[in-house]
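Let's walk through this fold piece by piece, starting with the sheets and ending with a couple of side chains. Have the viewer open as you read.

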Amino acid sequence: MKINLQSTAFIFPGQGSQAVGMGKDLAMQYPVAKQTFEEADSILGFALSKLMMEGAADELNDTINTQPALFVHSLASYRAFSHLYPNLTTGPAMLAGHSLGELSALTASGALSFEDGLRLIRKRAELMKHAGELAPGSMAAILGLDIHLLDQVCDDASTHEESVQVANDNCPGQVVISGSRAAVERAMAGAKAAGAKRALPLAVSIAAHSSLMASIQQEWNEVVVAAHLSALQIPVIGNVHALPLSDERSIRADIIAQMQSRVRWTESVQYMISNGINTFVEVGTGTVLGGLVKRIADGMTILPLGNPQDFAALAE
């Protein structure tokens, strides 16, 4: 099986795709992947790769480690794939990433160096964890409710002191809300009353992509403004507006706004499909994004790219 890179988008996962053991087989089979893990360890000053490959799970699932782990794994996979496809410079046609995956996509596109991207994602994780300590919140998955109706439910559940909003528009019928605990609980009840099939609290204390990130927004802005950016070599679809990021200004604006804005994943996938994409390659661990793409549109080719056996299948 061979893929046409000109109609292919590479997509990079966000938090929730991590698993102990991630990267072990990749490092054993691909020297460039092993070098990527070693480079990350050197940049961070600790053995992130050991944590990824051997655990413990509770440490890996701490957002301060989860975010860089997923970033490093995605870039290791991407680099290994490029060795199998020397013509990668002519494609893929587009890149996109879910939440932290947007920084993975920007690094794969050449907008960020690996070191700058990793340092940025580590700082992002530290700040988000700190925000969760300053203003603990919660998140919940709402299944089977139209997003426009859910927006209204969130508005009704919010007060001046306690707010809740849509954080991730993952696919039709699967939306994540985020905000203060009391407001999220009210929104869950409101969603059920409005006809949602299920409202499931998530095991997090960080209200990602919500106004509860405001406490660290200014520091995040300063970090992003100081980051060195280069020209995009491959178009990247941003989370905030579900449109291509065209230049340095739009990249910085999207990364900054993403902290408190929803991840428009459904719209991002729809944009890519409307512009000729019919194959999606999930670059990194897990198959979460591929599952979402299947629910957004029929007839798409979905290919995972996280383990050596996946590479072998694609190289046939």
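Two strands count as paired if DSSP finds at least two bridges between them. The elements themselves are DSSP runs numbered from the N terminus: helices are H or I stretches of at least four residues, strands are E stretches of at least two. Before going further, a word on the source: this is a predicted model, where local features need pLDDT of at least 70, side-chain atom pairs count only at pLDDT 80 or more, and totals for chains, interfaces and linings use all residues. Residues are numbered from 1 along each chain as its sequence is written, and side-chain values use heavy atoms, with hydrogens and water left out.

Now find strand S1 (residues 8–12) and strand S2 (residues 94–97), which run parallel and are joined by 4 bridges. Across that pairing, Phe10 sits opposite Leu95 of S2. Both strands belong to an open sheet of 6 strands, ordered S8-S7-S2-S1-S9-S10, with mixed pairing. Its edges are strand S8 (244–245) and strand S10 (301–305), each pairing on one side only.

There's another open sheet to look at, with 4 strands in the order S4-S5-S3-S6 and antiparallel pairing. Here strand S4 (164–171) and strand S6 (198–201) are the edges, each with pairing on one side only. Ignoring direction, neighbouring strands in this sheet are turned by 25° against each other on average. Strand S3 (residues 138–143) runs antiparallel to S6, with 4 bridges between them, and Ala140 stands opposite Pro201 in S6.

What lies on these sheets? Helix H13 packs on the 4-stranded one, touching S4 and strand S5 (174–179), where contact means heavy atoms within 4.5 Å. The direction of H13 makes about 85° with that of S4; axes are lines fitted to C-alpha atoms (for helices, over the stretch in contact), and angles run from 0 to 180 degrees between N-to-C directions. Helix H12, meanwhile, lies across S1, S2, strand S7 (236–237), S8 and strand S9 (279–283), at about 170° to S2.

The two helices also meet each other. The axes of H12 (residues 265–274) and H13 (residues 288–296) come within 10 Å and cross at roughly 70°. That makes H12 roughly perpendicular to H13, given that angles under 35 degrees count as roughly parallel, over 145 as roughly antiparallel, 65 to 115 as roughly perpendicular and the rest as oblique. H12 brings Trp265, Thr266, Val269 and Gln270 to the contact, and H13 brings Leu289, Leu292, Val293 and Ile296.

Staying in H12, take a look at Ser268. Is Ser268 buried or exposed? Ser268 is buried, at a relative accessible area of 1%; buried means under 20%, exposed over 50% and partly exposed in between, using a 1.4 Å probe and protein chains only. A polar atom of the Ser268 side chain lies 2.7 Å from the backbone oxygen of Arg264. Leaving out residues up to four places away in sequence, Ser268 touches Ile237, Gly238 and Ala242.

Arg252, in helix H11 (residues 248–258), is buried too, with a relative accessible area of 14%. The Arg252 side chain reaches the backbone oxygen of Val225 at 3.2 Å, and one of its polar atoms lies 2.8 Å from the backbone oxygen of Ala227.

Finally, helix H6 (residues 101–108) is mostly covered, with 8 of its 8 residues buried. Just after H6, Gly110 takes a positive phi of about 95°.

Note on methods: Polar contact = N/O pair within 3.5 Å; in protein donor to acceptor, adjacent residues only side chain to side chain.
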